[in-house]
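Biologist: I would like a close look at one part of this protein. Please take me through the strands and what surrounds them.

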Amino acid sequence: MGLTKHMRYTRIHTDAMGETHYEEDDIALAPVDFAPPTPPLHLSAFHTATQYGFCRFPVGWAGSWHHTPQRQLFSILAGTLEAQTSDGEVRRFAAGSCFLLEDTTGKGHLTRVVGTTEVLSLVVQLPAEAPPGCREA
């Protein structure tokens, strides 16, 4: 049937020298009877979250260099954010994007709203350490 067996997301992390970088990672999806009697869905393993909230970035908002206050997963619901890591790489995240912020130390990143639409996001805060053997959110 051609179903996707993984979901890709972007990770922002800090290396041992304090520089921040982007990295692409995958979460495995497997068929699960998630809500019987509906047909099975492809679902990842669940991981612990501490809390969640919604965030609005107004048009024109720009943040100076900062690191994330804690590990968190961002999902962009509307608008476009642009972020730059300390290694100089710039990426844009539009509605439907999902990225994991793990740069709780080091030089951090810059973030700004791009365009004429405010950004709405879902923020899921995570435990300080990733589960053993995985970086999945």
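Predicted model: local features only at pLDDT ≥ 70, side-chain atom pairs only at ≥ 80, totals over all residues.

In what sense do strand β1 and strand β10 pair, and over how many bridges?

Modeller: Strand β1 covers residues 6-14, and strand β10 covers residues 98-101. The two pair in the parallel sense, over 3 bridges. Within this pairing, arginine 11 stands opposite leucine 100 in β10.

Both strands belong to an open sheet of 6 strands. Its order is β2-β1-β10-β7-β12-β5, and the pairing is mixed. At the edges sit β2 (20-28) and β5 (51-57), each of which pairs on one side only. On average, neighbouring strands of this sheet are turned by 25° against each other, direction ignored.

Strand β11 has pairings of its own. It pairs with strand β6 (residues 62-66) in the antiparallel sense, over 3 bridges. There, alanine 62 stands opposite arginine 112 in β11. Strands β8 and β11 also run antiparallel, joined by 6 bridges. One link there is between alanine 83 and its bridge partner in β11, threonine 111.

Next, the charged side chains. Side chains of opposite charge can pair when their charged atoms come close. The count here comes to 10 salt bridges.

Take glutamate 24 and arginine 91. They form a salt bridge, and their closest N and O atoms are 2.2 Å apart. This pair links distant parts of the chain, 67 residues apart: glutamate 24 is in strand β2, and arginine 91 is in strand β9 (residues 90-94). Glutamate 24 has 33% relative accessibility, so it counts as partly exposed. Arginine 91 has 21% relative accessibility, so it also counts as partly exposed.

A salt bridge also joins the side chains of arginine 56 and glutamate 118, at 3.3 Å from N to O. This pair links distant parts of the chain too, 62 residues apart. Arginine 56 is in strand β5, while glutamate 118 is in the loop between β11 and β12 (119-125). Arginine 56 counts as exposed because its relative accessibility is 51%. Glutamate 118 is partly exposed, with a relative accessible area of 30%.

Glutamate 82 and arginine 92 form a salt bridge as well, with the closest N and O atoms 2.9 Å apart. Glutamate 82 lies in strand β8 and arginine 92 in strand β9, so the pair ties together parts 10 residues apart in sequence. Which of these two is buried, and which is exposed? Glutamate 82 counts as buried because its relative accessibility is 15%, whereas arginine 92 is exposed, with a relative accessible area of 51%.

Finally, back to arginine 11. Salt bridges that share partners join Arg11, Glu23, Arg71 and Glu102 into one network. The arginine that stands opposite leucine 100 is therefore part of that network by the salt-bridge rule of a side-chain nitrogen within 4 Å of a carboxyl oxygen.

Key
Residues numbered from 1 in each chain as written. Heavy atoms only, no water. Pairing = 2+ DSSP bridges. Axes fitted to C-alpha atoms, helices over the stretch in contact; angles between N-to-C directions. Buried < 20%, exposed > 50% of the residue type's maximum accessible area, 1.4 Å probe, protein only.
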